[in-house]
Amino acid sequence: MSSCNVRDRLLEVAGPVFSEKGFEKTTVREICQKADVNLASVNYYFGDKEQLYLEVICLAKEMGVSRAPLPEWTSATSPEQKLRDWITTLVRRMLGTGELSWSNHLIMREVLRPTKACEHLIQELFRPFVNVADSILKEILGESVPEYRRMQCVFSIAAQCQFYRVSDGLVTLMLGQAEKDTHYNMEQLVEHILQFSLSAIKNLKQELTESEIESSSPVHRI
């Protein structure tokens with residue numbers, strides 16, 4: 001087996017193992033046994049288990065982005081359409097299934113139980129993606145709305161998407177598989193989250209506008 005093949009084989013095997021067991025409970029010995037390579041291979045190609053884990057996290061990030069990239073927008077694209085696309089992308093990344101679903105599960109594990117590798121995800125994946133949503137909300141709400149209010153909106157939207165990722169089993173138990181399949185497919189969830197979020201955002205915009213009008217009205221003294 002060539003050096004390139006050994007390295008790729010280690011990454012291929014390590015991804016699902018880290019996803020299932022997490023960083024702490026996964027051993028280098030187990031990965032090497034599953035990859036059918038020498039026990040010293042991890043140190044030789046990656047330095048240590050932590051660096052191997054970071055490489056796997058990078059691979060999971062790239063897989064998620066390539067599987068569900070944001071579309072290209074033009075100056076004519078409405079902010080509402082951009083928000084729909086953003087939510088669709090996030091839902092697809094979170095709910096992706098199939099043979100490569102280990103990457104989704106591993107990233108979610110990092111979200112719920114962060115390791116040092118989560119810093120890489122924040123800088124290279126989460127922060128840029130959140131910044132896109134923030135710019136969309138700035139278009140809808142206007143630049144006068146404080147950044148922290150926009151970020152609260154972004155986190156609330158993301159939390160709706162995350163709920164269906166981490167609570168899939170609970171939803172199925174509460175509703176039954178038939179109802180879940182009928183009313184909670186990916187397209188229906190995107191539409192619900194979009195409409196629910198747009199209503200909240202527009203309500204916030206109206207409240208802020210009314211507050212600005214009240215604060216700018218002259219005070220009449222008798």
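Between which two helices does the loop that holds Asp36 lie? Asp36 sits between α2 (28–35) and α3 (41–46), and View A shows this loop. The model is predicted, so local features need pLDDT of at least 70 and side-chain atom pairs count only at pLDDT 80 or more, while totals for chains, interfaces and linings use all residues. Residues are numbered from 1 along each chain as its sequence is written, and side-chain values use heavy atoms, with hydrogens and water left out.

View A. Asp36 is exposed, at 66% relative accessible area. Exposed means over 50% relative accessible area, buried under 20%, and partly exposed in between (1.4 Å probe, protein chains only). Helices are DSSP runs of H or I with at least four residues, numbered from the N terminus.

**View B. The largest nonpolar core has 29 residues.** A nonpolar core is a set of buried Ala, Val, Leu, Ile, Met, Phe, Trp, Tyr and Cys residues joined through side-chain atoms within 4.5 Å. Leu83, Trp86 and Ile87 touch the most other members of this core. At least two residues of the core come from each of α5 (79–95), α7 (118–141), α8 (147–166) and α11 (186–216). Leaving aside residues up to four places away in sequence, Trp86 touches Leu70, Phe129, Val132, Ala133, Ile136, Val154 and Ile157; contact means heavy atoms within 4.5 Å. Another core, of 26 residues, lies apart from it and has Val6, Leu11, Cys32 and Leu125 among its members. In soluble globular proteins, nonpolar side chains tend to be buried together.

**View C. Cysteines occur without disulfides.** The structure holds zero disulfides, a disulfide being a pair of cysteine sulfur atoms within 2.5 Å. The sulfur of Cys153 is 14 Å from the closest cysteine sulfur, in Cys161, which is too far for a bond. Cys153 is buried, with a relative accessible area of 15%. Cys32 is also buried, at 2%.

View D. Ser78 belongs to the loop between α4 (49–67) and α5 and is partly exposed, with 31% relative accessibility.

**View E. Salt bridges join charged side chains.** A salt bridge is a side-chain nitrogen of Lys or Arg within 4 Å of a carboxyl oxygen of Asp or Glu, and the count by this rule is seven. Glu191 and Arg84 meet at 2.5 Å, N to O. Glu191 lies in helix α11 and Arg84 in helix α5, so this pair ties together parts that are 107 residues apart in sequence. Glu191 is partly exposed at 31%, and Arg84 is partly exposed at 25%. Another salt bridge pairs Glu12 with Arg9, whose closest N and O atoms are 3.1 Å apart. Both Glu12 and Arg9 lie in helix α1 (residues 3–25), three residues apart, about one turn of the helix. The side chains of Glu30 and Lys21 also form a salt bridge, at 3.0 Å from N to O. Glu30 is buried, at 16% relative accessible area, whereas Lys21 is partly exposed, at 32%.
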